[in-house]
Amino acid sequence: MQLGLIGLGRMGGNMARRLVDGGHTIVAWDRSADAVHKIAAGAISGAASIDALVTSLAAPRAVWIMVPAGEPTEQTVNALADRLSPGDVIVDGGNSHFKDDVRRAAALKARGVFYLDAGTSGGVWGAERGYCLMIGGEREPVDRLTPIFRTLAPGNSGLAPMASTLGSSGSRAASTTAADGFLHCGPAGAGHFVKMVHNGIEYGLMQSYAEGFDVLRNATSQNLPADQRYDLDLGAIAELWRRGSVVSSWLLDLTARALAADPQLSAFEGHVPDSGEGRWTVAAAIEEDVPADVLTTALFTRFRSRRDHTFAEKILSALRAQFGGHVEHPR
């Protein structure tokens, strides 16, 4: 299948390669001509402009956007809207706010152009592991692009969907594509809404690991009785917990990896940014009157990390570097 791809950063470039490995052809464009030049080979053809990308695609066209949320995405969607034809599809795979998706989908529908919001999780490891895709929009373009979603997604990895014990009122997961790693979550905005909450949960999970390892590290505190002080090997404990523990997870795998490479996490200051989804999750919880104590505290802890730094925040910075290739910004 042919797909236009705009944005060749850490995730966009890897997605292009995974799609080509799956038998698809890609027409790629990025504001950086160097990024286009580096990736253009074989089934990936580089375009010199958005105009060139659109004219290189056969109708009905599909263009996937992987650019930063906010104004960069807004400008790209508007530029495509002026160039695409009825029946074409725009997919926003970045981290846009779901309310922006609702607005964009309505505006594009008036032009006959479909808009899908595809929350994409996988980070820098996605090329190898696959990407978890949370999709919002109309069913027709979702069905049309299913070959793309199926290639990007990790597949079932041998994990059968959990059988419902709740009868007809139970989950419909077994009858969806969820077990394959992608899901049509609902109408416009639903994909990014689910991805937003996913990232809010990610904040809470990361904070739990960070605080737990900080407690372990400070078991040598001079404030403790001498016979209750423990000089613990955090890397070994992380490795241990990966095996048979109820707290095992991919984030724990990455924690173990970071501690094995740098036991003191000396490469990290602990300055932890937030990319917006955590704030939006808390805002959604407020709008819904849902208590979200853990997610809110995890977000506020990131605010605090930019003022004073603990080992917990170094864990967070290390994890962001591990799964997303994020680099700390100097204060």
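Is Ala-188 buried, partly exposed or exposed? Ala-188 counts as partly exposed, because its relative accessibility is 26% and the class lies between buried, under 20% relative accessible area, and exposed, over 50% (1.4 Å probe, protein chains only). The structure is a predicted model, in which local features need pLDDT of at least 70, side-chain atom pairs count only at pLDDT 80 or more, and totals for chains, interfaces and linings use all residues. Residues are numbered from 1 along each chain as its sequence is written, and side-chain values use heavy atoms, with hydrogens and water left out.

**Figure 1. Ala-188 in the loop between β8 and α9.** Helices (H or I, at least four residues) and strands (E, at least two) are DSSP runs, numbered from the N terminus. Not counting residues up to four places away in sequence, Ala-188 touches Asp-101, Val-102, Ala-105, Asp-117, Gly-136 and Gly-137; contact means heavy atoms within 4.5 Å. Phe-300 is 112 residues from Ala-188 along the chain, and their C-alpha atoms are separated by 30 Å.

**Figure 2. The open sheet of 8 strands.** The strand order is β3-β2-β1-β4-β5-β6-β7-β8, with mixed pairing; two strands pair if DSSP finds at least two bridges between them. Strands β3 (44–46) and β8 (182–186) stand at the edges with a single partner strand each, so one side of each has no neighbour in the sheet. From one strand to the next, the twist averages 25 degrees. Axes are lines fitted to C-alpha atoms, for helices over the stretch in contact, and angles run from 0 to 180 degrees between N-to-C directions. Helix α9 (residues 190–217) packs on the sheet and touches β5 (89–92), β6 (114–121), β7 (132–136) and β8. The direction of α9 makes about 15 degrees with that of β6.

**Figure 3. The pairing of β2 with β3.** Strands of a sheet pair through backbone hydrogen bonds, either parallel or antiparallel. Strand β2 (residues 25–29) runs parallel to β3, and 3 bridges join them. Ile-26 has Ile-44 in β3 as its bridge partner.

**Figure 4. Asp-21 in helix α1 (residues 10–21).** Asp-21 is exposed, with a relative accessible area of 70%. Asp-21 and Ala-43 are 22 residues apart in sequence, and 9.1 Å separates them in space, C-alpha to C-alpha.

**Figure 5. The cis peptide bond from Ala-59 to Pro-60.** Omega of this bond is near -5 degrees. Pro-60 belongs to the loop between α3 (50–56) and β4 (62–65).

**Figure 6. Positive phi values at Leu-265 and Asp-289.** Leu-265 is not a glycine, yet its phi is about 50 degrees. Leu-265 lies in the loop between α11 (250–261) and α12 (277–288), and counts as buried at 1% relative accessibility. For Asp-289, also a residue other than glycine, phi is near 60 degrees. Asp-289 is found in the loop between α12 and α13 (293–305), and counts as exposed at 70% relative accessibility.

**Figure 7. The lining of the largest cavity.** On a 1 Å grid over the protein atoms alone, a cavity is a set of points where a 1.4 Å probe fits but cannot get out, and lining residues have an atom within 4 Å of a point. The volume of the largest cavity is about 50 Å³. Its lining consists of His-271, Pro-273, Ser-317, Arg-320, Ala-321, His-326, Val-327 and Glu-328.

How values were computed
On a 1 Å grid over the protein atoms alone, a cavity is a set of points where a 1.4 Å probe fits but cannot get out, and a pocket is an open set with protein on both sides within 12 Å along at least five of seven lines; lining residues have an atom within 4 Å of a point. Grid points are joined across faces, edges and corners, and a volume is the space filled by probe spheres set on the points.
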